[in-house]
Amino acid sequence: MNRHLRTLFIVLLLGALTLPAAAANRLPAPEKLTLKNGVTVYFLKNAELPLVSLRMWIPGAGLGNEPAALEGAANLTADLLMKGTATMSAEAVAEAVDFLGARLDISAGDEFAGLTAESLAEHFPRLMAIAADCLMHPAFKPDEFEKERKTRLDGLKAVKDSPGAAVRSYFTKAYFGSHPLGHLANGTEASLQAMTLPDIQGYYRKFYRPEKSIAAVVGAIEKPAVLDLLNSTIGQWKAQGAATPTAPIPPYAGPKGKKLILIDKPDATQAYWILGAPGYKLGDPITPQASVMNTLFGGRFTSWLNTELRIKRGLTYGVGSSFQTWRTGGVFMANSYTKNDKIGEMLDIVFDLLKKGRGGFAPEEIESARNYLLGQFPPTLETNASKATAYVRLAYYGLGFDYYEKYLAGIQSVTGDSAKAAAAKLLPADDFVLVVVGKSAEIKAQLAKYGTWTERKITDPGF
Amino acid sequence: MPKKIAAITAAIMSLAVLASAQFRKEDVKVNKLDNGLKILFLEDHDIPNVALYTFFRVGSRNERPGLTGVSHFIEHMMFNGTPKFGPGEFDRRMEFAGGANNAFTSDDMTGYTDWFPAAALESMIEMESDRMQGLLLDPQVLESERGVIASERRMGVENNNDAILSENVRATAIMAHPYHWDVIGWMSDILSWKRDEIMAYYKTFYAPNNAVLILVGDFDPVRALELIRASYAAIPAGPPPPVVSTVEPPQMGPKEVIVRKEAQAPSFLMVFHAPSGASPDFPPLAILDLVLLNGESSRLYKRLVRDEQLALDVSGGTQESIDPLLFFIEAKPRPGVDLVKLEAVILEEIEKAKTGGITEQEFQKAQNAIKSGFFFGMQSINGKAGQLGQSEILHGSYEYLFSEMDLYAKVTLDQVKAMAAKYLTENNRTVGKLIPEGGQK
């Protein structure tokens with residue numbers, strides 16, 4: 001039992017990582033290497049522990065690039081890459097990776113697919129050989145495809161037993177509607193039923209390409225060894241045919257007006273909710289002010305939300321707010337849960353705080369939030385994996401390796417006025433989506449005052 | 001080891017950089033104050049931050065009926081005020097100084113984990129030492145925090161089918177020892193603990209002789225020790241806390257518990273009584289755990305998830321504990337799956353382990369997982385502080401951490417097989433099933 005769930009403040013609702021909450025005082029500048037096939041690799045040696053981490057992003061192979069009819073294809077493709085190659089069965093891949101005590105994963109974010117590999121330095125060459133084989137020579141066997149599809153269909157049912165998890169999928173759908181960023185990583189019943197193996201193979205051919213891929217290696221390994229190893233593994237990845245231009249993910253303005261959704265789960269003893277509204281795009285100059293503002297509003301233990309709802313009133317174990325960003329936009333989200341008979345009291349306080357927040361914060365609060373963000377920053381770039389992720393991320397978004405320096409300087413210069421301006425812009429008043437999952441019979445009357453709700457049953461298909 | 005893999009390993013060894021191994025037993029410096037407070041220092045100047053962890057030897061294991069969950073409740077109240085720093089002051093001051101914290105309670109221990117910039121060290125030591133004995137337990141604040149815990153239980157147990165089942169299975173398998181109840185405690189206890197009972201419990205277990213202080217990161221050890229002496233030396237040692245004397249009697253036959261509840265998917269959990277973390281039986285059983293349950297190549301994952309597609313996932317294994325706890329096999333059945341069949345497949349795999357043991361390849365795989373896991377856990381100052389603290393509480397000394405890999409390397413294949421036969425028996429077994437009410441949808 002933990003005092004609080006730290007992850008609450010970093011809701012990974014949309015798959016992509018957002019990261020004002022990260023970075024060390026100094027992110028060491030990496031060396032830039034180029035593989036024979038043109039893939040860029042950023043490298044930093046760190047021999048403190050006998051470990052090596054690699055991160056690689058394949059831009060365009062994420063959820064946001066899926067054709068509408070193929071919702072769930074990005075994630076299913078990523079998972080299938082680990083389920084057998086031309087020369088290894090799925091079992092052989094799993095056995096080989098587990099035998100090394102290593103971690104190997106390919107998964108889809110919103111704007112890219114990501115490959116993660118880390119192991120003891122002595123096992124890293126073998127691990128990269130397996131990783132490259134998975135990436136370059138996937139077998140796409142029909143029986144493995146069927147297994148993945150069935151697992152997802154079964155998982156979609158199971159997730160509805162957990163209101164805390166289900167509310168996220170309902171929110172994603174309610175907020176983004178048919179926009180590609182509203183795609184659920186595991187797809188929907190309808191999309192999974194319709195999907196075929198040739199769809200997945202087509203998706204792989206179109207989106208998995210080395211041209212724009214970016215990698216980073218950090219750990220106990222020398223530069224010549226990195227070059228030799230990567231040139232003989234992922235450096236062998238050649239583009240097949242000409243690249244089909246892929247449309248960028250269209251911007252999404254977010255909701256206009258209030259959208260209120262109630263999902264009836266008759267056995268729930270607590271009501272779970274997420275409120276969302278338009279945020280800001282990745283790299284937006286408002287980032288430092290928004291970080292300070294959100295730290296105070298719902299981003300740490302003494303935040304307004306946690307103080308009023310948990311510390312003073314004991315209404316909940318966890319409450320928080322956060323921003324999620326991507327290349328062309330972002331979203332602000334707050335979330336919590338409470339006993340069925342307290343949901344009205346809780347939401348009243350949330351709306352009061354949003355209103356109060358738009359009026360700004362006291363000078364000592366601003367100072368405290370600045371200190372907090374600066375003090376908690378170094379651990380976010382402490383490990384090999386976090387540094388490698390930062391290199392790939394900064395390179396992909398074109399933010400520059402001094403981005404975190406600038407971000408930290410930006411934090412230092414946030415004032416009461418600039419934080420207030422960010423709050424006035426980003427804490428929603430009239431335009432938002434609010435989704436509640438709970439026992440309708442016990443909460444519906446308390447919710448009526450907020451407007452007209454669209455009500456559905458949790459057993460209805462889809463989200 | 002198969003030839004092919006040996007050849008590959010030899011080839012790749014030449015590419016690897018030999019690590020400078022900055023994390024050695026000798027780097028940990030130990031001090032002890034007259035009042036019994038043990039202090040561990042490990043310098044690490046990679047980032048300008050410090051992890052200050054305080055572990056107390058108290059958990060739900062030390063509770064009694066009526067007071068279940070109170071260890072965890074005190075963990076929450078530790079942030080709610082002393083005469084010197086009023087309710088909420090700890091968090092406000094810490095966050096103002098750039099620090100953050102969390103805390104946790106388990107069956108065996110309570111840990112307070114602070115992460116802060118180096119400059120906040122003095123203030124953090126002052127506040128940590130103050131709350132070791134100074135809690136107010138203000139009645140109004142106490143009532144509010146009671147609500148928080150009730151919400152945590154509703155979230156973590158009542159609205160989580162796997163957790164409801166787990167609570168039922170634990171309480172069925174363990175009948176006498178305080179591991180009978182979950183760390184969160186029973187709801188009726190949460191709603192009725194009295195302030196004086198909570199205070200008495202706090203006074204009993206929160207004393208320097210029942211704690212370990214761990215400092216990892218960017219600090220000057222001479223000055224840090226001065227600061228710690230100045231804040232902690234005057235705290236008196238307490239009488240030794242009462243010993244947990246209850247010993248779980250041997251189970252004399254298989255048990256089963258059924259939970260019926262509205263749900264879309266069933267839940268399944270099988271447990272066996274297992275040895276304590278310090279038992280010589282623990283390492284070989286832990287290796288069996290890795291073979292059965294670690295990763296997609298593990299025996300149970302392959303059978304249940306991949307081959308027969310009865311489950312969405314399977315997890316569990318051993319858990320290091322002060323007293324004997326359980327070996328867990330938790331499967332997430334697919335909706336509509338016949339739980340009798342699921343159970344039969346698990347039992348079949350257990351039977352194979354008992355009669356055939358594990359292979360050389362599986363043994364080496366487990367060793368590699370243990371070695372990697374050790375280093376993965378050491379990548380941050382937080383990870384180091386946590387590992388040192390766990391080792392102190394569960395094994396009596398941080399030194400165990402550095403001998404663990406050798407201990408596991410000495411296990412033999414015969415021992416692993418013997419542990420399967422000794423612990424994974426019918427009479428030692430409890431099975432729990434959560435069955436969706438009103439038919440599966």
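**Into which domains is chain A divided?** Chain A splits into domain 1 (21-236) and domain 2 (258-457), with bounds that come from an automatic or database domain assignment. You're looking at a predicted model, where local features need pLDDT of at least 70, side-chain atom pairs count only at pLDDT 80 or more, and totals for chains, interfaces and linings use all residues. Residues are numbered from 1 along each chain as its sequence is written, while chains are lettered from A and ligands numbered from 1 in the order in which they are written.

**View 1. Where domain 1 of chain A touches domain 2 of chain A.** Taken over C-alpha atoms, the centres of these two domains of chain A are 28 Å apart. Domain 1 puts 37 residues into the contact and domain 2 puts in 35; "contact" is when the C-beta atoms of two residues, placed from the backbone, lie within 7 Å. On the domain 1 side, α5(A) gives the most, with 9 residues. Helices (H or I, at least four residues) and strands (E, at least two) are DSSP runs, numbered from the N terminus. That side has 27 nonpolar, 5 polar and 5 charged residues. Here Ala, Val, Leu, Ile, Met, Phe, Trp, Tyr, Cys and Pro count as nonpolar, Asp, Glu, Lys and Arg as charged, and the others, Gly among them, as polar.

**View 2. An open sheet of 6 strands in chain A.** Read across, the strands go β1-β2-β6-β3-β5-β4, with mixed pairing; strands pair if DSSP finds at least two bridges between them. At the edges sit β1 (31-34) and β4 (103-108) of chain A, each pairing on one side only. Zoom in on β3(A) and β6(A): they run antiparallel and are joined by 6 bridges. A:Val52 stands opposite A:Gly219 in β6(A).

**View 3. Inside the largest nonpolar core, with its 211 residues.** A nonpolar core is a set of buried Ala, Val, Leu, Ile, Met, Phe, Trp, Tyr and Cys residues joined through C-beta atoms within 7 Å. Buried means that 20 or more other C-beta atoms lie within 10 Å of a residue's own, with C-beta atoms placed from the backbone. Among the members that touch the most others are A:Tyr170, A:Trp273 and A:Val436. Helix α3 (residues 124-136) of chain A gives this core the most, 8 residues.

**View 4. Chain B meets chain A.** This contact takes 71 residues from chain B and 76 from chain A. On the chain B side, α5(B) gives the most, with 10 residues. By class, that side has 28 nonpolar, 25 polar and 18 charged residues.

Conventions:
Buried ≥ 20, exposed ≤ 12 C-beta atoms within 10 Å, placed from the backbone.
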